[in-house]
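Trainee: Could we go through this one together? I'd like to learn how to read what's inside a fold.

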Amino acid sequence: IDGFEIADALDQKHPERLLHAWTELRRHGTDPFGNAAILGWRLRQLVLVQELVAEGHPARDAASLAGLPPWQARRLIPLVDSHTPESLQKTLEAFVKADRRAKSSSLGAGIAYDVAILGWAAGRGAG
């Protein structure tokens, strides 16, 4: 499991996928900052494609306009469909909050991201 699998597991309808992927990464002691960076990158892609879809572009066209290659679009479009604009905004806000905490917390970056991912899976943000 790597950060890209985490990014592909951001399906709001199946939060257990993200929880499983993140738990496996943490269990093996991987770098939370690197994996969180990939997660942040995917969240920004989701927001961009979702905004283009809201403007009336079909999902495939929106992914293309966002500069995504077809293989990324195939993974991203189902994730866009699993989020409402509100849930995606809440997820992005939780990620930004976790990123700030990770860089300043005496508990370590992993704990800050753990809290954000658990909050996301519970459907309430990072609290």
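Predicted model: local features only at pLDDT ≥ 70, side-chain atom pairs only at ≥ 80, totals over all residues.

Trainee: Okay! Is His83 buried or exposed?

Mentor: His83 sits in the loop between H5 and H6. Leaving out residues up to four places away in sequence, His83 touches Leu10, Gln12, Gln50, Leu88, Thr91 and Trp120. The cut-off for buried is under 20% relative accessible area. His83 has 6% relative accessibility, so it counts as buried.

Trainee: Which residues touch the most other members of the largest nonpolar core?

Mentor: That core has 34 residues. Among the elements giving it two or more residues are helix H2 (15–27), helix H3 (32–54) and helix H7 (109–122). The residues you want are Ile6, Leu10, Leu18, Leu43, Leu46 and Tyr113.

Trainee: Which element gives the most to the lining of the largest cavity?

Mentor: The search of the whole structure finds one cavity of 30 Å³ or more, and the largest cavity has a volume of about 100 Å³. Its lining includes Leu10, Leu18, Tyr113 and Trp120. H3, H6 and H7 each supply at least two lining residues. With four residues, the one that gives the most is H7.

Trainee: And which residue caps the N-terminal end of H3?

Mentor: H3 has 23 residues and reaches 32 Å from its first C-alpha to its last, close to the 33 Å expected. For the cap, look for a side-chain oxygen 3.1 Å from the backbone nitrogen of Phe33. That oxygen belongs to Asp31.

Definitions and conventions
Residues numbered from 1 in each chain as written. Heavy atoms only, no water. Core = buried A, V, L, I, M, F, W, Y, C linked by side-chain atoms within 4.5 Å. Buried < 20%, exposed > 50% of the residue type's maximum accessible area, 1.4 Å probe, protein only. Expected span 1.5 Å × (residues − 1). Polar contact = N/O pair within 3.5 Å; in protein donor to acceptor, adjacent residues only side chain to side chain. Contact = heavy atoms within 4.5 Å. 1 Å grid on protein atoms, 1.4 Å probe; cavity = no way out; pocket = protein on both sides within 12 Å on 5 of 7 lines; lining within 4 Å. Points joined across faces, edges and corners; volume = space filled by probe spheres on them.
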